[in-house]
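This report describes the architecture of a multi-chain model, beginning with a single chain and moving on to the contacts between chains. Please keep the sequence and the structure in view while reading.

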Amino acid sequence: MKTTSSLLENAPVLLRDWATAFLPARARWFADSLIDIVAILAVFGLLFAFLTLAERKILGRVQNRPGPNRAGWFGLLQPFADGIKMLTKEDVVPAAADQVLHFLAPVVLLAFSILTFAVIPYGRNLVPLDLDAAVVFFFAASSSTELAVFMAGWASHNKYSLFAAMRALAQLVSYELPLLLSVVPVALATGTLSTTGIVAAQAGWKWGLVPRWLVFTPWGAAAFAVFMVSALAESNRSPFDLPEAESELIAGHLTEYSGFKYALFFMAEYFGMCALSGMAVTLFLGGWQAPLPALEFIPSYAWFAVKLLALLSGFIWIRATLPRLRIDQLTRLAWKLLVPLALVNLVTAGFWELSAGWQGAHQPLRWAVAIVLVAGPALLLGRSLGSGIGPRTYRYA
Amino acid sequence: MNAILLLIALATLGTAIVAMSGRNLLHSVLLLAVSWSGVAAFYLWAGAQFVAFAQVLVYLGAISMVVLFAVLLTRRAREDFGAPHNLTTRSRFAVAAGAAVAAVLLWAVSRSPLAGSKGPAPTVTVRDLGRQLLGQHAAALLVIGVLLTLALIGAVVLAAVDSPDFPEDAP
Amino acid sequence: MSPLHLCLAFSSLLFAVGLTGALSRGSSILVLLGLELMLNAANLNFIAFWRFGPAGSPATGVVFVLFSIAVAAAEAAVGLALIISLYRNQRNIRLPEATRLKG
């Protein structure tokens, strides 16, 4: 195939090998890993910077205003201006706060968020860690970030921070279930938990035109929808950003943080968003694969970037459009709508896989049954849940 | 090889000892979370990757959350976090019992002629694990599923508020 | 001292630490945490024998540890629900004061 030998496609790996060629073989592994780490930090750090700018510009345009456009051409230097501001702000730590935990919370959060970048395949040979159980590693690292949220809320010695931290934890834990459950059918269909294996299982085109990505199956579309909603909630994005909403509990668990530590929290949130989008691209959208055979000359990491940016713009679009949910509304959504849907989706995926051999006139029947199995419970559950507008009952916070 | 094992063992045991003897309950819980991640590091060193990730996912991501919530929901005032740490008779006997158990176990371990294999770690792919879980151990898997469901329902029933008996806890 | 001996010594010491903690502390949450440490020590033993022991079926040790982790999670959840009920009854979680059967 033309692509595997094209220069642009192999450029990152060739560059890395050229840079470490002078080292002995044992040190080469270490240098390779270091270069991978630096590359990920650089790329995603810049992506974070320009994502904040893109978010403000898109939000501005949706709200019929230009967004930041003073700092350089079209506001392109705005992220760096924000960075300088954050770095030069005074770091105020409450005297009664738990100093060690207050300091460690953003560190732990950022450490585990960056760990999740290690298993995402960014291109054909561009996966930093090729693990056999990569998906479990990803979700283990992202669920360990919740500890840091708690540490931040408790160490601040502030009642509002504590309440907000407990609400944030309730939200994060509730949405972990649909997140994980929506990935189980993917493991069922592809037979592997390795991210490179999942991408490889989505290779090829049906009738030479339609890619075999999992999102183009009924259960895959439903799983993708559940995954994206849960990813919105896991990264505390609007409409699930109650934990950090200024009008609710001041800034939530981040109230007592200022300057660089606040910036670190937001960096961790955006990194979480990027990592979850990257995982969604890997699991459902075919990873780094091109949508059409004719477009394979474009390098694989470019396709990954295009898909990732499309999902991130979706995140920003949703933030600009939907209002915020209350804590009882969002936990209700998780437990009463998304978890049953994800479980039914597992059954649908099982049916889809077992009926893969149906021929001829049975194919439309297969599609019809799968679509009914996906849409039926969604409609029924959605109707019966109601709008959640009503008197609130708070139990503990 | 052994150096890494000693490092992991020291870190895990150290944080466990400090956690079990600490005054501040919350610090104990967080230090114990570090101890559990030390155990996960041991699993990684031994080559059981899937178990290591499952350990982090379950212990650090779920059990610590439950314990932290319980700590927060069961405190009266700030001072109540510190458990009074005078060496009572009970704690003296407990330390003696722990030391005795450790001594007996270490003596037994050191005297056993264990023929440890010198080869590389056995590789268990996730596929093999899945086949074993759903094949040979399918009954145990189903029982665990039922057990977890029952535990979930039981925990909710136990912890839910009964308004008539405890009016101050009602919303 | 083969690596297997070191691993077993490590897990024995961890078990002893968990036992001491569970027996000596008065707060019921710390007792529960001691129990979790003991379960972890047992899991360490399993993985040590899986890695260094005589080769049996390659997945048995791992499967056992997975089940053990699942059971530990269930036990922690139920234990903490019990602690919350205890708190509601006697307004603190000190185990030495939980001496009445009638509640």
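How many helices and strands make up the secondary structure of chain A? Chain A comprises 14 helices and 2 strands, where helices (H or I, at least four residues) and strands (E, at least two) are DSSP runs numbered from the N terminus.

## Basis of the model

The model is predicted: local features require pLDDT of at least 70, side-chain atom pairs count only at pLDDT 80 or more, and totals for chains, interfaces and linings use all residues. Residues are numbered from 1 along each chain as its sequence is written, while chains are lettered from A and ligands numbered from 1 in the order in which they are written.

## Overall form of chain A

The C-alpha trace of chain A spans about 70 × 65 × 45 Å along its principal axes. For 397 residues, a compact globule would have a radius of gyration near 21 Å, and the 22 Å of chain A agrees with this. The radius is taken over C-alpha atoms, and the globule rule is 2.2 Å times the number of residues to the power 0.38.

Of the 397 residues of chain A, 40% count as buried. A residue is buried if 20 or more other C-beta atoms lie within 10 Å of its own, exposed if 12 or fewer, and partly exposed in between, with C-beta atoms placed from the backbone. Two residues are in contact if their C-beta atoms, likewise placed from the backbone, lie within 7 Å. Among the contacts in chain A with a separation of 6 or more, 76% are accounted for by residues 24 or more positions apart.

## Loop residues of chain A

A:N64 lies in the loop between α2 (25-62) and α3 (78-88) of chain A, and A:N236 in the loop between α9 (218-234) and α10 (246-249) of that chain. Is each of them buried or exposed? A:N64 has 6 C-beta neighbours inside 10 Å and therefore counts as exposed. A:N236, with 23 other C-beta atoms within 10 Å, is buried.

A further loop, between α12 (300-321) and α13 (327-354) of chain A, contains A:L325. This leucine is partly exposed, with 19 other C-beta atoms within 10 Å. Not counting residues up to four places away in sequence, A:L325 touches A:P239, A:F240, A:L242 and A:L330. A:L325 and A:H253 are 72 residues apart in sequence, and their C-alpha atoms are 18 Å apart in space.

## Buried helices and the nonpolar core

In helix α5 (residues 134-143) of chain A, 10 of the 10 residues are buried, so this helix is largely enclosed by the rest of the structure. Its buried residues include A:V136, A:F137, A:F138 and A:F139. Leaving aside neighbours within four places in sequence, A:V136 is in contact with A:L193 and with four residues of chain B, namely B:F50, B:F53, B:A54 and B:L57.

In soluble globular proteins, nonpolar side chains tend to be buried together. A nonpolar core is here a set of buried Ala, Val, Leu, Ile, Met, Phe, Trp, Tyr and Cys residues joined through C-beta atoms within 7 Å. Of the 179 residues in the largest such core, A:V136, A:A280 and C:V62 touch the most other members. Helix α3(B) contributes the largest share of this core, 16 residues.

Helix α1 (residues 3-24) of chain C is also largely enclosed by the rest of the structure, because 16 of its 22 residues are buried. At 1.5 Å a residue, α1(C) should span 32 Å, and its end C-alpha atoms are 32 Å apart, which agrees. The expected span is 1.5 Å times one less than the number of residues.

## Contacts between chains

Of the 2 pairs of chains in contact, chains B and C share the most contacts. Here 64 residues of chain C are in contact with 70 residues of chain B. On the side of chain C that touches chain B, α3(C) supplies the largest share, 21 residues. That side divides into 46 nonpolar, 13 polar and 5 charged residues. Ala, Val, Leu, Ile, Met, Phe, Trp, Tyr, Cys and Pro count as nonpolar, Asp, Glu, Lys and Arg as charged, and the others, Gly among them, as polar.

The contact between chains A and B takes 22 residues from chain A and 20 residues from chain B. Helix α3(B) gives the most to the side of chain B that touches chain A, with 13 residues. By class, this side has 15 nonpolar, 4 polar and 1 charged residues. No contact joins chain A and chain C, whose closest C-alpha atoms lie 13 Å apart.
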